[in-house]
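Please find below a colleague's note on the structure shown here.

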Amino acid sequence: FHHGESMYDEVLRVPWIFRLPGVFPAGKRVTNQVRQLDLAPTILDVTLPGEALPRGMRGKSALPLARGDASTEPERPAYAKARFTRSIRVGGWKYVKRDGHTAQVMLKGRSVNLGEELFHVAVDPQEHKNLARDRPEMLAKLRELLKRYEEWLKSGAREIPSATMHLRLVGDKQPRHL
């Protein structure tokens, strides 16, 4: 009943389970983050390989991940929105933002109001330690990524804002200036 505003992984992380011999390798477990918005493109990639996504459809097929081709792809930021609450999860971190109110929770026997939360989910998968005060640089980074992601949603563009930048230099002896 109270999950309407929850952005915790116990509610958001739902496993995908596919069984299609010859398409998905048996017993293959993919640990890369995918999103609900990737589900339809994945199904279309399986049923209509090589076809372009329909106009306006966002997301990206997870079929290459299932086939083991995860090395060339940047991580997919996972965005969630509920009543008064939004979150973004990327790079082992999750940022939760509440709009116009705070959540009141009981913590160690006392009532605490939460406006923003930051979790290092790679280290704290149960999301017990809010690092919003301890890691202001990471909080600012994810706050900005959430803003860019929501601007992307409004824009109608297909390309999703990346949380990472990849730089590849050729292996010759030429000096490079960055």
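The points that follow go from the whole chain to single residues.

1. Basis of the note. This is a predicted model, in which local features need pLDDT of at least 70, side-chain atom pairs count only at pLDDT 80 or more, and totals for chains, interfaces and linings use all residues. Residues are numbered from 1 along each chain as its sequence is written, and side-chain values use heavy atoms, with hydrogens and water left out.

2. Overall content. The chain has four helices and six strands; helices (H or I, at least four residues) and strands (E, at least two) are DSSP runs, numbered from the N terminus. Read from the N terminus, the elements follow the order α-α-α-β-β-β-β-β-β-α.

3. Burial and surface. Of the 178 residues in the chain, 30% count as buried; buried means under 20% relative accessible area, exposed over 50%, and partly exposed in between (1.4 Å probe, protein chains only). The accessible surface of the chain is about 12,700 Å², and 54% of this belongs to carbon and sulfur atoms. Such areas come from the Shrake-Rupley method with a 1.4 Å probe, and for residues only the protein chains shown count as cover.

4. The sheet. Four strands form an open sheet in the order S1-S2-S3-S6, with antiparallel pairing. Strand S1 (78-82) and strand S6 (116-119) are the edge strands, each pairing on one side only. From one strand to the next, the twist averages 10 degrees. Two strands pair if DSSP finds at least two bridges between them; S1 and strand S2 (residues 85-90) run antiparallel and are joined by five bridges. Thr85 in S2 is the bridge partner of Ala82.

5. The helix across the sheet. Helix H4 (residues 136-155) lies across S1, S2, strand S3 (93-98) and S6, at about 110 degrees to S2. Axes are lines fitted to C-alpha atoms, for helices over the stretch in contact (heavy atoms within 4.5 Å), and angles run from 0 to 180 degrees between N-to-C directions.

6. Ala132. This residue is in the loop between S6 and H4. Ala132 counts as buried because its relative accessible area is 15%. Leaving aside neighbours within four places in sequence, Ala132 is in contact with Glu116, Glu117, Leu118 and Leu139. Ala132 and Glu117 are 15 residues apart in sequence and 5.5 Å apart in space, C-alpha to C-alpha.

7. Leu39. This residue lies in helix H2 (residues 39-47). Leu39 counts as partly exposed because its relative accessibility is 33%.
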